[in-house]
Amino acid sequence: MNIALINGSPKGGATNSGFLLEKLKPLITEGNELKSYRVNAKQLKPEQYRELNQADVIVLAFPLYFDAIPSHLLRMMVELQQFRQTEQGNPNLIVYALINNGFFEGKQCTIAADIVSNWCVRCGFRFGMVLGHGAGEMLQELKMPLGKGPLKNLGKAMTQLSTAILTRSSAESLFIQPNFPRILWRMAAYFSWHSGAKKNGLRPKDLRKQPFQES
Ligand SMILES: Cc1cc2nc3c(=O)[nH]c(=O)nc-3n(C[C@H](O)[C@H](O)[C@H](O)COP(=O)(O)O)c2cc1C
């Protein structure tokens, strides 16, 4: 089957969404044709919308932005919805999403998961499931294989996601975080924000300023 993998992170270079897609790929490669797409400021071409509309499976990977979907990706989703109204596509197309977010808890992704599910209804796609993963900015630091150490939960969830994809079935969405103490993650986040502030000539208290409320 044809599986379209869409990285919807607006960032340039390495992304946490890309990390998750790279972990998924080996689990779904055998016997299938995988094609990767990148949606950021540069939008897709008409022939790419045609490919997506005819795919068997679409996997959307993206970061959570304000509890929702980054605007470039949302624009692509609206355009695909419009494209599907003009051209007949695969009636059995099924959509899965791999969302990652900055806060520790993966359950932050539930609203975005609902948005993807509603979009599927509007497009006439089947909705597969969502895997939402918290502490996304940690992911690229974790060099161990899936299923080990802090990636233990992700390993189990990826097995469930890949099984659903390979059988083109719907399953219950999963919202998880790394197997890592939340307090240590918070300390690492503080260190990273504070050292980033220092590099930019700011003090920690500058990060807590609320300029719009002060004026
Ligand atoms: C504009 C913006 C909005 C964000 N909004 C949220 C949010 O609402 N909740 C959250 O947990 N993380 C939020 N984040 C953090 C990102 O989801 C997080 O850094 C993610 O790991 C980035 O993934 P990527 O490398 O695939 O782009 C936001 C980041 C940015 C830049």
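Please keep in mind that the model is predicted.

**The ligand and its surroundings**

Let us begin with the ligand. The space it takes is the largest pocket. Around the ligand there are 16 residues, and those that come nearest are S9, K11, S17, N100 and E137.

| Residue | Atom on the protein side | Distance to a ligand oxygen atom |
|---|---|---|
| N16 | backbone N or O atom | 2.8 Å |
| F103 | polar backbone atom | 2.9 Å |

How much of the ligand does the protein cover? On its own the ligand has 650 Å² of accessible area, and the protein covers 79% of that.

N7 itself belongs to strand β1, which spans residues 2-7. With a relative accessible area of 7%, N7 is buried, because the cut-off for that label is under 20%.

Further along, G12 sits in the loop between β1 and α1 (16-28). Is G12 buried or exposed? Its relative accessible area is 64%, so G12 counts as exposed, the limit being over 50%. The C-alpha atom of G12 is 9.9 Å from that of A41, a residue 29 positions away along the chain.

**Aromatic pairs**

The structure holds three aromatic pairs. Two of them are described here.

In one of the pairs, Y49 and F83 are stacked, with 6.2 Å from centre to centre and 25° between the planes. Y49 is part of helix α2 (residues 46-54) and F83 is part of helix α3 (residues 71-86), so this pair ties together parts that are 34 residues apart in sequence. Both Y49 and F83 are buried.

Another pair is made by F104 and W185. Why is this pair called tilted? The ring centres of F104 and W185 are 5.4 Å apart and their planes meet at 50°; planes under 30 degrees apart would count as stacked and over 60 as edge-to-face, so the pair is tilted. F104 lies in the loop between β4 (94-100) and α4 (110-123), while W185 lies in helix α6 (residues 182-199), so the pair ties together parts that are 81 residues apart in sequence. F104 is buried, as is W185.

Most residues other than glycine have a negative phi. Against that background, two residues are worth a look.

D67 is not a glycine, yet it has a positive phi of about 65°. Where is D67 found? D67 is in the loop between β3 (57-63) and α3. Its relative accessibility is 34%, so D67 counts as partly exposed.

A135 is not a glycine either, and its phi is positive at about 55°. A135 lies in the loop between β5 (126-133) and α5 (152-166). Its relative accessibility is 1%, so A135 counts as buried.

Note on methods
Residues are numbered from 1 along each chain as its sequence is written. This is a predicted model: local features need pLDDT of at least 70, side-chain atom pairs count only at pLDDT 80 or more; totals for chains, interfaces and linings use all residues. Side-chain values use heavy atoms; hydrogens and water are left out. Rings of Phe, Tyr and Trp (its six-membered ring) pair if their centres lie within 6.5 Å; planes under 30 degrees apart count as stacked, over 60 as edge-to-face and the rest as tilted. Helices (H or I, at least four residues) and strands (E, at least two) are DSSP runs, numbered from the N terminus. Buried means under 20% relative accessible area, exposed over 50%, partly exposed in between (1.4 Å probe, protein chains only). A residue is near a molecule or strand if one of its heavy atoms lies within 4 Å of it. A polar contact is a pair of N or O atoms within 3.5 Å; within protein, one must be able to donate a hydrogen and the other to accept it, and residues adjacent in sequence count only if both atoms are side-chain atoms. Accessible areas come from the Shrake-Rupley method with a 1.4 Å probe; for residues, only the protein chains shown count as cover. On a 1 Å grid over the protein atoms alone, a cavity is a set of points where a 1.4 Å probe fits but cannot get out, and a pocket is an open set with protein on both sides within 12 Å along at least five of seven lines; lining residues have an atom within 4 Å of a point. A molecule sits in a cavity or pocket if more than half of its atoms lie within 2 Å of its grid points.
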